[in-house]
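Me: I'd like to talk through this model with you, one question at a time. Have a look first, and then we'll start with the overall layout.

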Amino acid sequence: MEHPSDAVVRRLHPLLVEVRDALVRGLAVSRAIHAEHDWQPGADRHLDHQLVRREAMERLRPYAEHHDHPFGTQLELLEPANENLGLPMSGLILRTPTEVLRVWHSDDGELPAAETQGLRDFYAQAPTAQLRLQLALDTVPGDPGRREHLALLWADSRTPGRDPELVRFDLVRPRGSSGRRVDVDWHVGLLDRLRSSAA
């Protein structure tokens, strides 16, 4: 039986590849800037992650500017005055006709704690199994404008002498929160999956 994530990964596959490649390019830019100034990335990881995010934004921007692009995506950045979602990558949001993806750096593979109302609202959605049951039973469809909320979590390796690379690129579907704790509907690693599908 197909896992609930399979259809989502298939549908988003071209976009997921572009986001992965944009982040890897961002890692290279951040490393080059740090090398130019003889800075240690570990001394200010927020700057490191912001540089990755900045380059990734530029790489993805063309897909936001052309509404007829096959990805059908729009790139949105949260204004600095809006809610701080807790991680340096919190400003990167991708919208497709059916999903809202938030891209966050996460060394431990965990979603940001549900500390703000904005995060709690983003995490609040029915589990996949419940949605399937509702679709099977309801003659009237649910909210057609409601996009599925997903998170892309990434982490990088800075092994000396090697090119920068992602060691985590996970797609996560939240299903609500209890206090600060986030409940996860499913969580899948994409690095091997995207590599094998390209082979």
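Me: In what order do the elements of the protein chain run from the N terminus on?
Reply: Quick ground rules: this is a predicted model, so local features need pLDDT of at least 70 and side-chain atom pairs count only at pLDDT 80 or more, while totals for chains, interfaces and linings use all residues. Residues are numbered from 1 along each chain as its sequence is written, and side-chain values use heavy atoms, with hydrogens and water left out. Helices (H or I, at least four residues) and strands (E, at least two) are DSSP runs, numbered from the N terminus. The protein chain has five helices and six strands, and from the N terminus on they run α-α-β-β-β-α-α-β-β-β-α.

Me: What share of the residues of the protein chain count as buried?
Reply: Buried means under 20% relative accessible area, exposed over 50%, and partly exposed in between, with a 1.4 Å probe and protein chains only. Of the 199 residues in the protein chain, the buried share is 44%.

Me: And what part of the contacts with a separation of 6 or more comes from residues 24 or more positions apart?
Reply: Contact here means heavy atoms within 4.5 Å. Among the protein chain's contacts with a separation of 6 or more, the part from residues 24 or more positions apart is 59%.

Me: Which residues touch the most other members of the largest nonpolar core?
Reply: A nonpolar core is a set of buried Ala, Val, Leu, Ile, Met, Phe, Trp, Tyr and Cys residues joined through side-chain atoms within 4.5 Å. The largest one has 30 residues, and those touching the most other members are Leu23, Leu152, Phe169, Leu171 and Leu190.

Me: Which element supplies the largest share of this core?
Reply: Several elements each give at least two residues, including helix H2 (45–65), strand S4 (148–157), strand S5 (165–178) and helix H5 (191–198). The largest share, though, is ten residues, and they come from H1.

Me: What does Leu152 touch, leaving out residues up to four places away in sequence?
Reply: Leu152 is one of the core residues that touch the most other members. With residues up to four places away in sequence not counted, the list for Leu152 is Leu16, Val19, Leu101, Arg102, Val103, Trp104, Phe169, Asp170, Leu171 and Leu190.

Me: How are H1 and H2 set relative to each other?
Reply: Their axes (lines fitted to C-alpha atoms, for helices over the stretch in contact, with angles from 0 to 180 degrees between N-to-C directions) come within 7 Å and cross at roughly 135°. Angles under 35 degrees count as roughly parallel, over 145 as roughly antiparallel, 65 to 115 as roughly perpendicular and the rest as oblique. So H1 and H2 are oblique.

Me: How do the residues of the contact of H1 with H2 divide?
Reply: On the H1 side the contact includes Val19, Leu23, Arg25 and Ile33, and these residues along with others meet a set in H2 that includes Leu51, Glu55, Arg59 and Tyr63. Ala, Val, Leu, Ile, Met, Phe, Trp, Tyr, Cys and Pro count as nonpolar, Asp, Glu, Lys and Arg as charged, and the others, Gly among them, as polar. That gives twelve nonpolar, three polar and five charged.

Me: Is Val29 buried or exposed?
Reply: Val29 lies in helix H1, and its C-alpha is 9.6 Å from that of Asp48, 19 residues away in sequence. Its relative accessibility is 18%, so Val29 counts as buried.

Me: What is the phi of Asp38?
Reply: Asp38 sits in the loop between H1 and H2, and at 65% relative accessibility it counts as exposed. Most residues other than glycine have a negative phi. Asp38 has a positive value although it isn't glycine, near 55°.
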